[in-house]
Every structure is written in structure tokens, then in C-alpha cells.
Amino acid sequence: MLNEFKLFYYNCYLYYLSYRINNIKTIKDITHIIQNISFFNNNVTSDNIITILTDCFNKYPLSEENTRVISILQQNYEFTHNKEDYCCFILWISIIHSININHKLLL
């Protein structure tokens, strides 16, 4: 029973993340998403964040337009060596990883 509740909670959280990611317009949106993941998960590492985001993208794939917006933000903030660069990089790596996983499933 407890595991079913945790799974339900996790799926609801993935849906919420998907909604937030699909509405990204600025770099602040990305940093708020990463901070939200860190807030709800104790002692979270980059690997945990990537796993959560990849699960989200596998369950709720991004549209091409949303991927393009995130790509442009990632290119604009690459090599700035600050929090925005880290958050954007983590999100972008998660997107690429989920695309690779989904591509292998289609073959």
C-alpha cells in the first residue's frame, strides 16, 4: 500500500514537472524547476536530478518546439559558469539522454 502511494505521488510529481518544463520561457524557469526537484528530494545529487528528469521525459515526451526553446537557452548560457549554466546543462543532458533511450526503444 505504501509503495503504491509513493508510485502515485511520483507519477503526479512527474506530471507536474512536465507541465512546468513545457511552460519554460526563461532561464529562471529552468532554475526554479531544478530548485523544486532539490527541495522535494533530500540529499539530491546531479545524478538523481537527471534520473528524475529522464523519467519525466520518458513518460511525457517534449515537443519539438519546447526542445528548441530549451536548446536556445542552453546555448545562450553555456560557459557562463554559474547556477544558470548548471541548471540548463542538467536539463539539456536529461533531454538528450531520454531521446537516446526512446530512440533505442523504437528500433
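Me: Why is His81 called exposed?
Reply: His81 has a relative accessible area of 68%, and a residue is called exposed when this value is over 50%, buried when it is under 20%, and partly exposed in between, using a 1.4 Å probe and the protein chains only. Since 68% is on the exposed side of that limit, His81 counts as exposed. The model here is predicted, so local features need pLDDT of at least 70 and side-chain atom pairs count only at pLDDT 80 or more, while totals for chains, interfaces and linings use all residues. Residues are numbered from 1 along each chain as its sequence is written, and side-chain values use heavy atoms, with hydrogens and water left out.

Me: Where is His81 found, and what makes its phi worth a remark?
Reply: His81 is found in the loop between H4 and H5; the helices (H or I, at least four residues) and strands (E, at least two) are DSSP runs, numbered from the N terminus. Most residues other than glycine have a negative phi. His81, although it is not a glycine, has a positive phi of about 55 degrees.

Me: Why are Cys87 and Cys88 called buried?
Reply: Cys87 has 3% relative accessibility and therefore counts as buried, and Cys88 is buried with a relative accessible area of 1%. Cys87 is found in helix H5, and the place of Cys88 is in helix H5 too.

Me: What makes a nonpolar core, and which residues touch the most other members of the largest one?
Reply: A nonpolar core is a set of buried Ala, Val, Leu, Ile, Met, Phe, Trp, Tyr and Cys residues joined through side-chain atoms within 4.5 Å. The largest core has 25 residues, and those that touch the most other members are Ile21, Ile24, Ile30, Ile37, Leu53, Ile70 and Leu91. Two or more residues of this core come from each of helix H1 (2-22), helix H2 (27-40), helix H3 (46-59), helix H4 (64-77) and helix H5 (83-106). Ile70, with residues up to four places away not counted, touches Ile21, Ile24, Leu62, Cys88, Leu91, Trp92 and Ile95.

Me: Why is the pair of Tyr13 and Tyr16 called tilted?
Reply: Rings of Phe, Tyr and Trp (its six-membered ring) pair if their centres lie within 6.5 Å, and planes under 30 degrees apart count as stacked, over 60 as edge-to-face and the rest as tilted. By this rule there are 4 aromatic pairs. The centres of the Tyr13 and Tyr16 rings are 6.3 Å apart and their planes are at 35 degrees, so this pair is tilted. Tyr13 and Tyr16 are 3 residues apart in helix H1, and so about one helical turn separates them. Tyr13 is buried at 8% relative accessible area, whereas Tyr16 is partly exposed at 32%.

Me: What makes the pair of Tyr13 and Phe40 edge-to-face?
Reply: The planes of Tyr13 and Phe40 are at 65 degrees, with 5.8 Å from centre to centre, and the pair is edge-to-face. This pair links distant parts of the chain, as Tyr13 is in helix H1 and Phe40 in helix H2, 27 residues apart. Phe40, with 42% relative accessibility, counts as partly exposed. Ring pairs link Tyr13, Tyr16, Phe39 and Phe40 into a cluster.

Definitions and conventions:
Contact = heavy atoms within 4.5 Å.
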